[in-house]
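This report sets out a few local features of one structure. Please keep the sequence and the coordinates at hand while reading.

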Amino acid sequence: MRHETGVADAAMEAAIDAVIDAAIQEVNHRAHGRMSDRFRRVRRQSRAIAEPLSAEDCCVQSMPDASPVKWHLAHATWFFETFILERFEPGFRAFHPQFRVLYNSYYEGVGDRFPRAQRGLLTRPALDEVLAYRADVDHRMLLLIDALEAGEHAPPEGFMELLELGLQHEQQHQELMLTDIKHLLSLNPLQPAYQEMPESLRIAEPARLPLDWHHIEAGVVEIGHDGPGFCFDNEKPRHRQFVEAYQCASRLVNNAEYCAFVEAGGYRDASLWLSEGWEWKRQLKLEYPIYWQRDAAGGWREFTEYGLQPLEPHRAAVHLSYYEADAYARWAGARLLTEAEWEHAADLLQGCGREFFGVAWQWTSSSYAPYAGYVPPAGAVGEYNGKFMVNQYVLRGSSSATPLNHARLTYRNFFPACARWQASGIRLARAG
Ligand SMILES: [Fe+2]
């Protein structure tokens with residue numbers, strides 16, 4: 001009897017295993033199917049961003065921090081070629097052997113690289129050749145992905161993770177393309193628009209959001225990513241932090257409020273500024289945000305992707321450095337949130353908090369540092385985030401330039417305190 005039961009159990013287990021295997025295959029097939037669609041979509045989106053631009057627009061570098069659009073298009077492609085095709089493509093041959101150096105951004109583990117500040121000198125390869133590079137790598141990547149979709153074999157170890165990282169990486173560069181091209185066009189006396197303002201925006205009045213303060217209790221909070229879904233290495237591990245009671249602003253500081261700071265002499269009052277920020281502002285002779293301009297009537301205009309536009313008082317103030325955000329907060333009798341406070345508040349206030357995502361990245365007062373227990377991945381991709389954890393501040397949320405589906409609660413963006421060409425704004429905090 002015991003023996004017969006054992007046979008029945010074994011048969012049942014085999015049947016269950018077969019069902020589970022079939023289910024896993026189906027899930028994998030669907031996941032890979034979605035992955036190939038996503039690959040095409042993400043790659044197409046980069047091309048679409050470059051579409052309104054001329055070849056000349058795509059070649060120029062407006063400052064060492066920014067890169068030419070043509071370089072972004074090539075570098076995002078280089079990432080797939082170097083980290084995936086070189087490792088997984090049978091009989092790999094580089095599209096062009098020198099591109100390995102030309103489009104290596106900062107990976108010491110890959111070898112030599114072309115100096116960042118000179119990317120604008122690369123009139124060759126021409127934009128057409130870069131687009132041919134993209135088409136070639138897309139074709140070869142899709143051969144690999146299609147073979148997985150067809151169930152020819154299981155994904156090799158590390159393939160799917162690197163593919164996902166490559167797509168997320170390209171989305172990061174899509175945002176940089178938009179902010180870099182805006183900076184370049186802003187320096188042109190013709191003040192050209194990147195694109196025409198859509199009719200819907202021309203007639204829409206921005207919402208006038210009241211400023212409320214949300215009280216949040218003191219306590220031990222958990223921040224960081226704990227799955228499911230993708231995250232960058234710097235978002236892990238999820239861990240505990242203690243926060244004192246605090247109040248979190250329900251929305252971002254808007255242009256009217258920041259304008260009041262400018263008009264009240266905020267840029268001329270040293271008591272409001274960090275020493276380093278005051279020196280930065282003094283050397284650059286700054287008196288207002290990077291894209292603002294006085295108009296003939298004494299009002300303000302702002303350079304936008306739609307060209308020069310009247311400064312919209314109810315829109316969030318953007319393109320502010322950490323120094324400016326910190327000085328404004330001091331003037332307003334408040335402060336910036338720490339990143340633990342930001343993530344905890346954004347999590348708690350889902351539904352009643354405003355502008356956490358999709359408007360402007362929000363400076364936090366937290367230095368960009370590893371979480372307790374952080375371990376960078378092995379190999380050259382371990383250089384993706386970890387080695388930049390010095391002299392930078394964390395920004396949270398996402399901006400209007402962030403690709404859809406790229407933002408998440410635990411996302412950690414980071415820039416030096418002087419960076420102001422990104423779409424960065426201010427969410428205030430004060431004692432609870
Ligand atoms: Fe990159």
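Which strands does helix α11 lie across? Helix α11 (residues 339-348) lies across β9 (361-367) and β10, and runs at about 135 degrees to β9.

## Basis

The model is predicted, so local features need pLDDT of at least 70 and side-chain atom pairs count only at pLDDT 80 or more, while totals for chains, interfaces and linings use all residues. Residues are numbered from 1 along each chain as its sequence is written, and side-chain values use heavy atoms, with hydrogens and water left out.

Helices (H or I, at least four residues) and strands (E, at least two) are DSSP runs numbered from the N terminus. Axes are lines fitted to C-alpha atoms, for helices over the stretch in contact (heavy atoms within 4.5 Å), with angles from 0 to 180 degrees between N-to-C directions.

## Sheet

Strands β11-β10-β9-β12 form, in that order, an open sheet of four strands with mixed pairing, where pairing requires at least two DSSP bridges between two strands. Because β11 (413-415) and β12 (424-425) stand at the edges with a single partner strand each, one side of each lacks a neighbour in the sheet. Strand β10 (residues 393-396) pairs with β11 in the antiparallel sense over three bridges, and Tyr 393 has Phe 415 in β11 as its bridge partner.

## Cysteines

There are zero disulfides (pairs of cysteine sulfur atoms within 2.5 Å) in the structure. For Cys 58, the closest cysteine sulfur is that of Cys 59, at 8.6 Å, which is too far for a bond. Cys 58 is buried, with a relative accessible area of 1%, whereas Cys 418 is partly exposed at 33%; buried means under 20%, exposed over 50% and partly exposed in between (1.4 Å probe, protein chains only).
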